[in-house]
Amino acid sequence: MSTTIPTALDENNVPAKPRLTVVGTGYLGATHAVAMASLGYEVLGVDIDQAKIDRLAAGEVPFFEPGLPELLAEVLETGRLRFTTSFDEAAEFGDVHFICVGTPQLEGSHAANLEYVESAFTELAKRITKPALLVGKSTVPVGTAERLTDIVCLTSPNPELVELAWNPEFLREGYAVQDTLHPDRLVFGVQSEWSEEMLRAAFEPILAADTPVVVADMKTAELVKVAANSFLATKISYINAMAEVCEVTGADVNLLASALGYDDRIGSRFLKPGLGFGGGCLPKDIRAFAHRAEELGAGQAVAFLHEVDAINNRRRRRTVDLVRELAGGDLKGKRIAALGAAFKPNSDDIRDAPALDVADMMRAESASVVVFDPEAMDNARRAYPQLEYAPNFAECIRDADVVVLLTEWQKFRDADPEMMGVLVARRAIVDGRHALDADAYRAAGWEYRALGRPAQPATVRLVEDAKDQVSATA
Ligand code: UGA
């Protein structure tokens, strides 16, 4: 640690209110920077993308996240939050540096691409001239923090001034502000008491609100994150596996899920059947976890994650099957209205979005697919230029042979089946997210189908069975 103790430090070399930098200003980093500034910290947001930094500095959030633009405007007013592309400035400014850069899936592999994380750590390490804690928030394979510690020691001209810690982030897109300011828990993966004290000082207002904190070694902290995301993915694929069984038995997965959810030990959250999970986290995290476990010789322990992934992908194909069934057995030339593009509502994120995957599979079967999403249109157009896009909901469903709900935006859930019925060519809908009122659609004359649910509601079938029995005995 530093030999000279600046006056602002307490007897443990810990500033009462550390100055924070946040490196990487994507969904995670931008939210973290804004949230920490709103809690009273001096924060410097850092990114290599000048355009992104300019937009943030001008008060514009470069992606859709409810509540974030308002909070950004508020904290920019206070002067506590600034943005830069300069690592020199970041190293000079910060006591605690949060690394929030992406760890996408490596092309042609299931492993995580760690080049951005490595670069962020080394760029800072090269420039450190005062005591600093470098805290990883990015989701990484277990063992990365230890390796980065070695890299930082080799790279930094002042290795005795730098320490590493890991502090995984659990925020959900769409609820990022709320999750950052009021997390379920904090996890501090640390190598010394000093690191723990620095992190406690950096999260003081959140800890003061009685947020549970788990202090652990760095490996455990890294694992907590992938274990949590794997559990969530497994829960979703579990109920979707039950949907597959329901499909061959005629049972109803929606009723099954509600009955399971009443058991507190199981719980109803993340037990929503349908098209399955996507996004920039769950799919790539389970793959990277399985890959890392295999590297470590523990592949068998998480081999089930391959099945979780396979179940999830089968749901996409099955959704196309249902649309094809409703279209009369062939998608060629049929007009299909695809409602939704984002990987989930309240987000414009289309990374590994099930919605766009399904839309593109239908296009590949020569359907004329028209997509509409309230927020993700620009991102979708860039990534899937081959699809057709409607300017609004009404134009999307106009003259459609089949409508398919792929992302359960509130706007789509609230739509009136009677009014929609006037616009479409045929009243046929696939509810890929179990988000619509099946009875209301059927009452308005729609043919309604959902994954894992019988083509006809149980009551109708019971009445028809009874009729059959009467005529058989007559
Ligand atoms: C996920 C985790 O929930 C966060 O805790 C974590 O911090 C984040 O990844 C991350 O690693 O950064 P997020 O990707 O924002 O958050 O989205 P989720 O709300 O978890 O939804 C993931 C996917 O699962 C969506 O496509 C959603 O539609 C689907 N899902 C969710 C279901 O199909 N069924 C459910 O019951 C719940």
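**Packing around helix 10**

Helix 10 and helix 11 cross in a right-handed sense. In this predicted model, helix 10 spans residues 218-249 and helix 11 spans residues 253-261. Two packed helices are described by the angle between their axes and the distance between the axes. For helix 10 and helix 11, the angle is about 140° and the axes lie 9 Å apart. An angle over 145 would count as roughly antiparallel, and the two helices are therefore classed as oblique to each other. On the helix 10 side, the contact is formed by Y238, I239, M242, A243 and C246, which meet V253, L256, A257 and L260 of helix 11. Sorted by class, this contact contains nine nonpolar residues, with no polar and no charged ones.

A further partner of helix 10 is helix 13, which covers residues 304-326. The axes of helix 10 and helix 13 come within 9 Å and cross at roughly 55°. That angle makes helix 10 oblique to helix 13. The crossing of this pair is left-handed. Helix 10 contributes S230, A233, T234, S237, N240, A241, A243, E244 and E247, while helix 13 supplies F304, L305, V308, I311, N312, R314, R315 and R318. The composition by class is seven nonpolar, five polar and five charged residues. A243 of helix 10 takes part in the contact with helix 13 and also in the contact with helix 11.

Helix 10 also packs with helix 12, made up of residues 282-295, at an angle of about 115° and with the axes 9 Å apart. Helix 10 and helix 12 form a left-handed crossing. From helix 10, the residues involved are L223, K225, V226, A227, N229, S230, A233 and I236; from helix 12, they are L282, D285, I286 and F289. Eight nonpolar, two polar and two charged residues make up this contact. S230 and A233 of helix 10 belong to the contact with helix 12 and are likewise listed in the contact with helix 13.

These helices belong to a protein with 20 helices and 14 strands. Its radius of gyration is 25 Å, close to the 23 Å that the globule rule gives for 474 residues, so the protein is as compact as a globular protein of that length. Along the principal axes, the C-alpha atoms fill a box of roughly 100 × 45 × 40 Å.

Confidence in the prediction remains to be considered. The mean pLDDT of the protein is 94, with 95% of residues reaching 70 or more. Over residues 1-7, by contrast, the pLDDT is below 50, and this stretch has eleven contacts in the model beyond near neighbours in sequence.

Notes
Residues numbered from 1 in each chain as written. Predicted model: local features only at pLDDT ≥ 70, side-chain atom pairs only at ≥ 80, totals over all residues. Heavy atoms only, no water. pLDDT = per-residue confidence, 0-100. Contact = heavy atoms within 4.5 Å. Axes fitted to C-alpha atoms, helices over the stretch in contact; angles between N-to-C directions. Helix = DSSP H or I, 4+ residues; strand = E, 2+ residues; numbered from the N terminus. Parallel < 35°, antiparallel > 145°, perpendicular 65-115°, else oblique. Left-handed = near helix turned anticlockwise from the far one by under 90°. Nonpolar A, V, L, I, M, F, W, Y, C, P; charged D, E, K, R; others polar. Rg over C-alpha atoms; globule rule 2.2 N^0.38 Å.
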